[in-house]
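Hi,

Here is the structure I promised to pass on. Have a look at it first, and then read my notes below.

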Amino acid sequence: NKPEKAVAAAPTVTLTNAVLDFRDLLYRTVIAKEIGSAPERGFAMLLALAVCHRLSAVPSEVITDVMRKHAGGASVSGLGRNFESAMTLPLDKLSTFVSKMGAVCADHLTRDELVEMVKQLKPDWNLHFTLTADFLRVLTKTEIKAVARDVGLHKAIGATFDGLFAKKKDEIIDALTKVDGFNYVG
């Protein structure tokens, strides 16, 4: 009887604050672009925020600036005056303005809301993300190795992949970002 070979467990990776901050910024950008690209998404986002009592995620200073510029003014305290100003907008401009309000909320969503919205929007990551040295720099060596395996860099590099991680972090990043024929987009 041969003893069974122990299977090496994949390392458990906990996201660091730097990684979470990088991801949050990326998600905010993606959400704003995805919602801003389709008026129905902007309207749906506003409805969803209203139902969750989260309309405070729509920055009032942005809305006030637009009202002042396009609708002849805005008053911080006057609901009737603001309604009257908004009614001066042509319907197409009002519609565009309201749909864009859903997009500008991305900067004010919580981390959990960001994750939830990215799952709902199902963005095409080929349009929004490229694996770069800047991204890899915010990761630990263990995280870099996990990401490299996840995206298939280990296969593109081949047998020398594991040995690469004995090097300094900058050397690892340099090697990982210069693999001929590897698609870093998405």
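**Pockets and a serine**

Helices α1 (17–36) and α9 (141–151) each give at least two residues to the lining of the largest pocket. Bear in mind that this is a predicted model.

That largest pocket has a volume of about 600 Å³. Its lining is made up of 22 residues, and the closest to the pocket centre are Phe129, Phe135, Val147, Asp150 and Val151. Sorted by class, the lining of the largest pocket has 17 nonpolar residues, two polar and three charged.

On to the second largest pocket, which holds about 240 Å³ of space. Here α3 (60–70), α4 (79–87) and α5 are the elements that supply two or more lining residues. The largest share, five residues, is from α4.

Is Ser99 buried or exposed? With a relative accessible area of 4%, Ser99 counts as buried, because that is under the 20% cut-off. The Ser99 side chain reaches the backbone oxygen of Thr96 at 2.9 Å. Beyond its neighbours within four places in sequence, Ser99 is in contact with Pro39, Gly42 and Phe43.

Cheers

Note on methods:
Residues numbered from 1 in each chain as written. Predicted model: local features only at pLDDT ≥ 70, side-chain atom pairs only at ≥ 80, totals over all residues. Heavy atoms only, no water. Buried < 20%, exposed > 50% of the residue type's maximum accessible area, 1.4 Å probe, protein only. Polar contact = N/O pair within 3.5 Å; in protein donor to acceptor, adjacent residues only side chain to side chain. Contact = heavy atoms within 4.5 Å. 1 Å grid on protein atoms, 1.4 Å probe; cavity = no way out; pocket = protein on both sides within 12 Å on 5 of 7 lines; lining within 4 Å. Points joined across faces, edges and corners; volume = space filled by probe spheres on them. Helix = DSSP H or I, 4+ residues; strand = E, 2+ residues; numbered from the N terminus. Nonpolar A, V, L, I, M, F, W, Y, C, P; charged D, E, K, R; others polar.
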